[in-house]
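Here's a quick briefing for anyone meeting this structure for the first time. Take a look at it, then read on for the main points, topic by topic.

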Amino acid sequence: MGQIPAGRDGSGRGEDAINPRSGRRETEEERADRQWGEILQELRVAQTGVQILFGFLLAVVFQPRFADLSTVDRNIYVTTVMLGSATAAALIGPVSYHRLLTGRRMKPQTVTWASRLTKLGLGLLFCTMCSTLLLIMRVALHNVVALWLVGGMALWFALCWFVFPLRAIARSGNGAEDDTDGAEDSGDRDS
């Protein structure tokens, strides 16, 4: 097995191993390993919520009151189930991607695609949550107030999930994405 030549600091890494964005001394593989661990932690949170929501959606069709739903509400339900399925696929996709590419020395590419699938999954989760709320509020309220409540909650989700993080990026003056297509170095400067 080859060894990494010792750098000036005796760490086994040369000066070029310092990540200019984070200031960390890590090889590309170490960086990919760290980012993969971060993505896994993020996915664990999202996947649990998606699984609970999807389980709820699948059970709705077997409830006696489902037969009483209007055509519009049934269409919203079908759309919501399809969005939930797409969300689950996108958020579970990185696991499959990693498993199929393990041992092929493609960890940086795996991190890039996992990051992309996670972002797509979050967008789909946003749509799934809004669609689920719309169905529930329409059944519960039977009036236009449902649309206003869902619109307000959609705005809140958008602020929390997208606007606040993008605003933080804009304020930091660090809008450029790294070579992993946004596999975040969040917290690197503080770590």
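Let's start with Trp161, which is partly exposed because its relative accessible area is 29% (buried means under 20%, exposed over 50%, and partly exposed in between, using a 1.4 Å probe and protein chains only). Keep in mind that this is a predicted model, where local features need pLDDT of at least 70, side-chain atom pairs count only at pLDDT 80 or more, and totals for chains, interfaces and linings use all residues. Residues are numbered from 1 along each chain as its sequence is written, and side-chain values use heavy atoms, with hydrogens and water left out.

**Aromatic rings**

- Trp161 has a ring partner in Phe162: the ring centres are 6.3 Å apart and the planes sit at 80 degrees, so this pair is edge-to-face.
- Here's the rule: rings of Phe, Tyr and Trp (its six-membered ring) pair if their centres lie within 6.5 Å, and planes under 30 degrees apart are stacked, those over 60 edge-to-face, and the rest tilted.
- How many aromatic pairs does this rule give? The count comes to six.
- Phe126 and Phe162 make another edge-to-face pair, since their ring centres are 6.0 Å apart and their planes are at 75 degrees.
- That pair links distant parts of the chain, with Phe126 in helix H3 and Phe162 in helix H4, 36 residues apart.
- Phe162 is partly exposed, because its relative accessibility is 30%.
- One aromatic cluster takes in Phe126, Phe157, Trp161 and Phe162.

**The overall layout**

- The protein chain has four helices and zero strands, where helices (H or I, at least four residues) and strands (E, at least two) are DSSP runs numbered from the N terminus.
- Read from the N terminus on, the elements go α-α-α-α.
- The protein chain has 191 residues, and 35% of them count as buried.
- Among contacts in the protein chain with a separation of 6 or more, 69% come from residues 24 or more positions apart (a contact means heavy atoms within 4.5 Å).

**Nonpolar cores**

- The largest nonpolar core has 13 residues, and Phe66, Tyr77, Val81 and Leu135 have the most contacts inside it (such a core is a set of buried Ala, Val, Leu, Ile, Met, Phe, Trp, Tyr and Cys residues joined through side-chain atoms within 4.5 Å).
- Which elements give two or more residues to this core? They are helix H1 (28–60), helix H2 (71–101) and helix H3 (107–141).
- H1 supplies the largest share of this core, four residues.
- Apart from this core lies another, of 11 residues, including Ala32, Ala46, Ala88 and Leu91.
- Leaving out residues up to four places away in sequence, Val81 touches Phe54, Leu57 and Leu58.

**A nonpolar patch on the surface**

- Leu141, Val144, Val145, Leu147, Trp148 and Leu149 form a nonpolar surface patch that together has about 610 Å² of accessible area.
- Patches are made of residues with over 30% relative accessible area and no salt bridge, with like charges joined within 9 Å and nonpolar side chains (Val, Leu, Ile, Met, Phe, Trp, Tyr) within 5 Å.
- Helix H4 (residues 145–172) gives the most to this patch, with four residues.
- Leu149 is found in helix H4, and Leu149 is partly exposed because its relative accessible area is 43%.

**Salt bridges**

- There are four salt bridges in the structure, each a side-chain nitrogen of Lys or Arg within 4 Å of a carboxyl oxygen of Asp or Glu.
- Glu26 and Arg34 form one of them (2.8 Å, N to O), and Glu26 and Arg34 are both buried.
- Arg34 also meets Glu38 in a salt bridge (3.3 Å, N to O), so Glu26, Arg34 and Glu38 are linked in a network.- Arg34 and Glu38 are four residues apart in helix H1, which means about one helical turn separates them.
- Asp73 pairs with Arg138, and their closest N and O atoms are 2.4 Å apart.
- This pair links distant parts of the chain, with Asp73 in helix H2 and Arg138 in helix H3, 65 residues apart.
- Asp73 is buried, with a relative accessible area of 8%, while Arg138 is partly exposed at 27%.

Conventions: Accessible areas come from the Shrake-Rupley method with a 1.4 Å probe; for residues, only the protein chains shown count as cover.
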